[in-house]
Amino acid sequence: MGVSFDKIDGVIWYDGKLVPWQDANVHVLTHGLHYASSVFEGERAYGGTVFRSREHSERLKRSANILDFEIPYSAAEIDAAKQLVIDRNNLPDAYVRPVAWRGSEMMGVAAQTNTIHLAIAAWNWPSYFDPAEKLKGIRIGLADYRRPDPATIPALAKAAGLYMICTISKHKAEREGYADAMMLDWQGRVAECTGANIFFVKDGKIHTPIADCFLAGITRATVIDLAKRRGLEVIERRIMPDELDGFSECFMSGTAAEVTPVSEIAKWKFTPGRISAQLMTDYTAEVQPKGKQAAA
Ligand code: PMP
């Protein structure tokens with residue numbers, strides 16, 4: 001195990017100021033901790049620039065609004081703060097984690113007047129790109145928990161409370177020797193993984209579930225766009241698990257996962273191939289800061 005995340009050297013942006021890493025703390029009576037009134041983002045900087053920074057900042061603000069609070073910074077201010085964090089910590093290739101939460105003024109279900117806090121941390125996370133290694137694909141299991149009905153929880157927010165079932169499911173998958181788990185939705189249809197979206201390939205066409213009860217990833221949108229630019233057809237539709245036998249390739253998409261081929265989901269097998277490889281390469285080119293893009 002590496003250094004514990006509360007012990008890293010560096011600075012964290014906290015409510016408008018840069019503070020020493022180990023001083024970026026909250027009180028135990030924080031609403032966010034007890035009632036999950038917390039939203040966050042996961043982003044990546046490549047070559048000193050956060051990929052799709054504005055979209056992530058806007059999604060963060062939207063997630064907060066869904067949880068009935070307002071982050072007291074504009075998307076432009078959040079973008080600037082993220083840039084400051086990666087610059088001051090000298091982290092050109094980093095994972096960037098903004099988190100916003102309700103503070104401690106009221107300690108009960110209602111927390112109408114609680115202060116809204118925002119912190120932004122970043123840590124070193126280079127993107128290792130060894131296509132041959134990645135193309136072997138990862139093995140993932142099938143989660144017992146399902147993505148909930150959007151009528152029961154704000155399913156489209158990137159909110160801490162939605163991740164309780166992801167952590168339980170990923171732990172179980174890891175105990176079973178898998179790298180991750182795929183989750184079905186509340187109606188038993190294929191949904192996504194615990195921190196990434198999922199795609200399949202059949203007869204040269206790409207199929208992915210409709211993102212109406214789980215996070216529609218920014219990487220997912222990027223991959224759909226890249227595929228279309230290659231002239232590939234992308235079909236967003238309902239996918240039942242018994243169809244998985246008919247797909248040749250499978251890959252995951254997410255800020256952390258980027259494009260990661262999948263070779264196995266429980267009893268279903270896939271062979272990472274041409275389309276997964278193409279989209280891995282295209283995604284790597286796409287995330288490079290504009291103006292620094294390597295010649296294709
Ligand atoms: N689904 C879940 C549950 C996630 O946590 C993530 C990662 N944020 C994604 C999908 C992919 O989203 P993105 O591409 O915006 O990182």
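This briefing walks through the fold of the protein chain and the surroundings of its ligand. Please keep in mind that the model is predicted. The chain itself is made up of 7 helices and 16 strands.

**Overall fold**
- Counting secondary structure gives 16 strands and 7 helices for the protein chain.
- The radius of gyration of the protein chain is 19 Å, close to the 19 Å that the globule rule gives for 296 residues, so the chain is as compact as a globular protein of that length.
- Along the principal axes, the C-alpha atoms of the chain fill a box of roughly 55 × 45 × 35 Å.

**Who surrounds the ligand**

**Polar contacts and cover**
- Lys 158 places a polar side-chain atom 2.9 Å from a nitrogen atom of the ligand.
- For Thr 219, a polar side-chain atom lies 2.6 Å from an oxygen atom of the ligand.
- Thr 255 likewise has a polar side-chain atom 2.6 Å from an oxygen atom of the ligand.
- On its own, the ligand has 380 Å² of accessible area, and the protein covers 95% of that.

Definitions and conventions: Residues numbered from 1 in each chain as written. Predicted model: local features only at pLDDT ≥ 70, side-chain atom pairs only at ≥ 80, totals over all residues. Heavy atoms only, no water. Polar contact = N/O pair within 3.5 Å; in protein donor to acceptor, adjacent residues only side chain to side chain. Areas by Shrake-Rupley, 256 points an atom, 1.4 Å probe, with all protein chains shown as cover. Helix = DSSP H or I, 4+ residues; strand = E, 2+ residues; numbered from the N terminus. Rg over C-alpha atoms; globule rule 2.2 N^0.38 Å.
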